[in-house]
Amino acid sequence: MKKITTIILLSVFWLAGAIAGEPVITREKAPEDAKWRLTDIYGSIEMWNNDLTRVNGLLDELVAMKGTLGKDSKNLLRYFTVSDEFEKIIYKLYCYTYLQRSLDSRDPSVSENFQRIRAFMVKSGQALSWVTPELVAIPEQTTMKWVAADPAFKPYKFGLENMYRLQEHVLPGEQEQLVSCFSGMSEIASSIYTEVAISDNVNPKFVRSNGDTVVLSRPMLSNILNFSNDREERKRAYETFSANYKARENTMAAIISSVAKTNNAYAQAYKFPNTLEAALNGNNIPVSVYENLIKVAGENSAPLQRYINLRKKILKLDDYAPWDGNVALGTVTRTYSYDEAKSIIKGALKPLGKEYMAGIDRALNGGWIDVYEGSAKETGAYSMGVYGVHPYILLNYDQTVNAVSTMAHELGHTMHSMFSSANQPFKTHDYSTFVAEVASNFNEELLLDYMLANSTNREERIALLDQAINSLIGSFYRQSQFADFELRLNRRIENGEPVNATILNSMMKELNDTYYGNTVMQHPYRDITWTQIMHFYNLPYYVYNYATSYAASARIHELITTGTPKERETALQNYITLLKSGGNDYPVEQLKKAGVDMTSTGPTLAVVKRLNELIDKLETELKS
Ligand SMILES: [Zn+2]
């Protein structure tokens, strides 16, 4: 539901974002139309409570159906219908408290309600664990005959087909129960990582070059690497911060290999040939998509190295170190009021057509976006769809060009959710991670094109290009490199080979050499980035989604902006159809219908082309 916006913990090298200055407008002083209208979901907490009572009743109703699903088509359809109603209400109950909590995490009644709905979700998961085994036990032929005979089954057809496709990986009831006894233990490794990397982490003290002593947190490091003109200070900050992780590398190596060993145990238990197939099979993504991505990205690192060499020249450096990677080129001194951001974004997205723009108007009309920073408000940004209501966007709008870009990104998710909810039945409205970042990245690309075309300031254009290039490298190359690392790690475990910090460091070094060649100075701390990528520990085989989504959006950008007017129009219509299709098919198939074949090298090569084009533009600006 919640789409992850920022690519957190990209690495120290390409840390995104910087500390914002003092907020210009705070939530407390903001006009009402710059705040969420949560009454669109529930008019009062009584209504929320009533719905919670209602889902409890529905759960009892569903539990009472145990043993009846396969009896006849009426029973099965009744189960699906009640289950849909049940899930729709849970969605609303959950999102309402989630959004409230984002606005004020300190309100005890809000967090209490959040815990109540979370607890109910866990309880209902356990109470309904019999459903999948019971469904799979109905012969596929029987089910499909029922589905074909009654159009009311249409929304469930795809889910049922997918379930039968995966049936060889559903264990017999007793075995399933045995495996479920260990499900809590599979989370141990990732929770230890959170404790070691976050809870027990003590950020080092750091003396800045002006004599101030600061705590070197990640945002502070990012600030220094972005804005400090004192190279020596950047070096000290990078080394101090990294040394703090280096000191824990053996613990981190033990944790990451536990994660991989757990993956391997589950893959074997569920009869998958390896961990990669186990991870991709749920969405029916061919292993070749993953393998092609890392192969083609690794082989096409030339533009990445070209960019670093260009930066080296602009920054007048004899050598290029890990602490030089974030220094911004060009400056954007101007700020963008929220109203300006709205009109810039509208201008940028106009090529997407009337239907899309009508959606944007609704989203910007007030009540959907919580715009400004607040004292107890969650930081960052996200978009959350609430089926049957409308999506909500959280921003911490600070008037920077970055904030405009984030807003365009989140509006991409919001439009995707809006189109999917309006055009899909509940069962297939939600889209997979594999396609989730396409609409958001694509909006960012259109925004860049528009701002570059309309900017009258050379420095601003340089800064925009630099930012876009960094975002491309961070989302695509960096994540492909990490995906490659993850696969190598898991293969070692599958083959029974040893894993320790030394081995992991040398694996990362090899990949750094593949991607960066000799453009960046060798430094031992460059090879310990694996200790800092939270996704490796919490969401195995996840980072590749960032790279594939980026590639898909680059390819769509290529299709919509080049070719004959007729070809462009067709490409645009296919893209809008993709946004409307929710999760009604396997994600690779959905993208294929939008003209993007993720099993080919086309999308990946489109990113390579895009990067070269952006560097060309940057070079032109620098010469002017
Ligand atoms: Zn996103």
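Two strands count as paired if DSSP finds at least two bridges between them. In this predicted model, strand 4 and strand 5 (residues 392–394) are joined by three bridges and run antiparallel. Within this pair, S383 stands opposite I393 in strand 5.

This pair belongs to a wider arrangement. Strands of a sheet pair through backbone hydrogen bonds, either parallel or antiparallel. Here three strands form an open sheet with mixed pairing, in the order 3-5-4. Strand 3 (369–370) and strand 4 (382–384) are at the edges and have a single partner strand each, so one side of each is left without a neighbour in the sheet. Helix 17 (residues 401–423) lies across strand 4 and strand 5, and its direction is at about 10° to strand 4.

The sheet is one part of a protein that has 25 helices and five strands. The radius of gyration of the protein is 25 Å, close to the 25 Å that the globule rule gives for 624 residues, so the protein is as compact as a globular protein of that length. Along the principal axes, the C-alpha atoms fill a box of roughly 75 × 55 × 55 Å. Of the 624 residues, 37% count as buried. Among contacts between residues at least 6 apart in sequence, 77% join residues at least 24 apart.

The packing of helices deserves a separate look. Two packed helices are described by the angle between their axes and the distance between the axes. For helix 22 (residues 544–561) and helix 25 (residues 602–623), the angle is about 75° and the axes are 8 Å apart. Angles of 65 to 115 degrees count as roughly perpendicular, and helix 22 and helix 25 are therefore roughly perpendicular to each other. The contact involves Y550, A551, A552, A554, R555 and E558 in helix 22, which meet G602, P603, T604, A606, V607 and R610 in helix 25. The residues of this contact comprise seven nonpolar, two polar and three charged.

K271 lies in the loop between helix 11 (249–269) and helix 12 (275–281). The phi angle of K271 is near 60°, a positive value in a residue other than glycine. K271 is exposed, because 11 other C-beta atoms lie within 10 Å and a residue with 12 or fewer is counted as exposed. N284 is found in the loop between helix 12 and helix 13 (287–299). Phi of N284 is near 55°, again a positive value in a residue other than glycine. With 14 C-beta neighbours inside 10 Å, N284 counts as partly exposed.

Terms used. Residues are numbered from 1 along each chain as its sequence is written. This is a predicted model: local features need pLDDT of at least 70, side-chain atom pairs count only at pLDDT 80 or more; totals for chains, interfaces and linings use all residues. Axes are lines fitted to C-alpha atoms, for helices over the stretch in contact, and angles run from 0 to 180 degrees between N-to-C directions. Helices (H or I, at least four residues) and strands (E, at least two) are DSSP runs, numbered from the N terminus. Angles under 35 degrees count as roughly parallel, over 145 as roughly antiparallel, 65 to 115 as roughly perpendicular and the rest as oblique. Two residues are in contact if their C-beta atoms, placed from the backbone, lie within 7 Å. Ala, Val, Leu, Ile, Met, Phe, Trp, Tyr, Cys and Pro count as nonpolar, Asp, Glu, Lys and Arg as charged, and the others, Gly among them, as polar. A residue is buried if 20 or more other C-beta atoms lie within 10 Å of its own, exposed if 12 or fewer, and partly exposed in between; C-beta atoms are placed from the backbone. The radius of gyration is taken over C-alpha atoms; the globule rule is 2.2 Å times the number of residues to the power 0.38.
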